[in-house]
Amino acid sequence: MLLFPLAYTVHLSFQEWFASSTVPPHFVGLKNYWDMLKDERFLKGTVRTIAYTILALGGEVGFGVAMALVFDRTFFGKGIVRALFLLPMVATPVAIALVWLFIYDPATGVLNYLLSLLGLPQGLWVSQPRTVIASLVLVDIWQWTPLVMLIVLAGLATLPNEPYEAATIDGASGLQIFLYITLPLLRPYIVVAALFRGIDALKTFDIIYVITRGGPAFSSETLNLYIYSSAFEYMHMGYSSAMLVVFFCLVGALSVGLISVRRARS
Amino acid sequence: MKEGPRLTKSSLRSAVFVTFVLLVVSLYLFPFYWMILSSLKDQMQNMAYPPIFWFKPTLANYRTVFQENPFLLFLWNSVVVGFGATLAGLALGLPAAYAIARYRYRGIAFAVLVARITPGISYLVPWFIIFTQVRLIGSYTALVLSHLTVGLPLIVWIMIGFFEDVPQELEEAALIDGCSRYWTFVRIAVPLTGPGIVAAGILSFILSWNTFMYSVVLADADTRTLPVAVFGFLSYGGFDWGALTAAATVITLPVLFLAMVIQRHIVSGLSFGGIKG
């Protein structure tokens with residue numbers, strides 16, 4: 001169930017096959033891989049996927065660590081606040097995407113209304129190519145920053161006291177303490193959070209598909225969405241399999257990269 | 001006398017802190033608030049600009065959702081597939097996790113990690129071809145098997161931690177008394193990890209409930225699960241925001257409730273044991 005499909009995908013990636021036609025699959029060598037290099041939708045989709053992941057990861061790790069530092073103290077209602085942060089990550093993505101689509105509506109959406117109350121400029125959000133990726137990333141950040149925050153918060157709870165006492169006696173400033181003590185000690189936790197968020201951001205499907213279906217004019221079509229329509233709308237199974245191999249390698253490379261960073265530093 | 005200014009400063013700081021907490025929390029809850037609020041408005045109120053915050057609520061949208069669609073069937077499908085995938089996941093995942101925890105089977109652990117990392121669509125394309133050939137498209141079997149790959153890695157990863165916490169001495173005592181490894185697992189390890197099994201099962205059920213891509217490809221009109229049905233409304237419903245948000249509320253509320261039950265385990269489950277909560 002797990003390994004056979006991967007082997008089968010590699011096999012299919014060397015075949016030419018439209019599942020909708022009566023012509024059976026036939027071997028075409030590396031043709032599918034050559035075609036990818038000339039396929040603008042594939043190339044742009046790959047760049048877009050990587051850009052989406054970098055933006056989401058940067059936002060989530062940045063805000064996540066900052067929020068963890070702020071929330072790392074006892075206060076009234078901490079348990080409730082902590083529980084509330086779990087909601088975005090467990091709520092059904094299709095439902096969340098639909099609500100954000102409504103919130104982003106340029107004509108009647110509540111986001112533009114709230115911005116106008118604050119005297120801020122309003123936007124077209126997911127309705128124009130220029131801002132669609134950033135708007136989708138914003139949903140991703142809303143949904144997943146709490147995961148990073150809660151992982152880092154768990155890390156903060158394990159930190160030893162001694163280095164802080166020593167640093168305070170030596171007269172280190174707050175910023176120095178953060179940069180030279182807290183951050184290095186937290187690194188394993190940040191790497192774990194970044195590893196899983198990075199992998200999952202590359203694979204994002206539900207949110208993008210429901211909000212934009214890759215539009216407007218393919219401007220938010222990531223690799224996952226392009227492969228999906230290539231396989232299940234155009235029924236181009238051979239070519240889709242070749243793209244899947246590349247996609248799998250992309251996700252695999254990120255995993256290996258992050259794991260080795262973690263090993264080297266620890 | 002020195003106490004005075006310091007107190008004001010610290011109370012100012014805590015006021016800033018409380019404001020910050022309230023701001024972040026309301027930012028986080030707003031989409032849920034807006035979802036529920038919109039589901040209680042009629043179509044006119046939902047299209048009004050500026051948006052309306054105070055109005056007389058109506059349940060008409062919920063009536064639309066349940067009466068004009070076989071929504072109960074979709075609900076039932078989601079429950080059947082969720083339970084099927086979770087039970088199968090526990091049947092396979094508990095022994096696998098136990099083997100990893102007790103005998104350090106690196107191979108299984110690695111396979112589970114690969115399954116967690118691999119993009120779902122890498123499985124979906126070959127499955128679609130195979131299920132088409134054996135005429136399983138649209139069957140519960142195809143859905144349960146596909147959803148199994150979402151929950152299984154998570155069950156294994158959560159349970160490794162729980163099995164490692166079972167005291168070795170208890171199991172050794174049972175083994176000395178002539179209990180086989182299998183019965184030691186069934187009679188001692190499983191009952192002692194009950195809370196973990198419940199948490200892993202619920203989390204696996206939630207993920208199956210939320211799964212969209214596998215279901216949209218592998219289900220047909222009769223086996224459609226809730227996310228697919230709601231996506232269908234969005235495509236053909238002509239943006240009836242009241243009904244759409246009502247459907248979204250119906251899908252989301254059970255998940256939010258279940259999540260509150262197992263909240264301690266969610267982060268370690270989703271980060272794959274990255275931390276132990």
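Modeller: Welcome! A term to start with: a residue is buried if 20 or more other C-beta atoms lie within 10 Å of its own, exposed if 12 or fewer, and partly exposed in between, with C-beta atoms placed from the backbone. What you see is a predicted model, in which local features need pLDDT of at least 70 and side-chain atom pairs count only at pLDDT 80 or more, while totals for chains, interfaces and linings use all residues. Residues are numbered from 1 along each chain as its sequence is written, and chains are lettered from A and ligands numbered from 1 in the order in which they are written.

Colleague: Thanks! How many helices and strands does chain A have?

Modeller: Helices (H or I, at least four residues) and strands (E, at least two) are DSSP runs, numbered from the N terminus. The C-alpha trace of chain A spans about 75 × 50 × 30 Å along its principal axes. Its secondary structure comes to 13 helices and 2 strands.

Colleague: What percentage of the residues in chain A are buried?

Modeller: The count runs over the 266 residues in chain A. Of these, the buried share is 43%.

Colleague: Which helix of chain A gives the most to the side that touches chain B?

Modeller: Two residues are in contact if their C-beta atoms, placed from the backbone, lie within 7 Å. The contact takes 58 residues from chain A and 58 residues from chain B. With 9 residues, the top contributor on the chain A side is helix α6 (residues 93-104).

Colleague: How many residues on that side of chain A are nonpolar?

Modeller: Ala, Val, Leu, Ile, Met, Phe, Trp, Tyr, Cys and Pro count as nonpolar, Asp, Glu, Lys and Arg as charged, and the others, Gly among them, as polar. The side of chain A that touches chain B has 7 polar and 2 charged residues. Its nonpolar residues number 49.

Colleague: Why is helix α14 of chain B largely enclosed by the rest of the structure?

Modeller: The cover over its buried residues includes α5 (87-90) and α8 (129-157) of chain A, together with α7 (140-164), α10 (194-210) and α13 (241-261) of chain B. Among the buried residues are B:His265 and B:Leu270. Helix α14 (residues 263-270) of chain B is largely enclosed because its buried residues number 6 of the 8.

Colleague: Which helix gives the most to the side of domain 1 of chain B that touches domain 2 of chain B?

Modeller: By an automatic or database domain assignment, chain B has domain 1 (3-60) and domain 2 (68-270). In their contact, 8 residues of domain 1 of chain B meet 7 residues of domain 2 of chain B. On the domain 1 side, the most residues, 4, come from α1(B).
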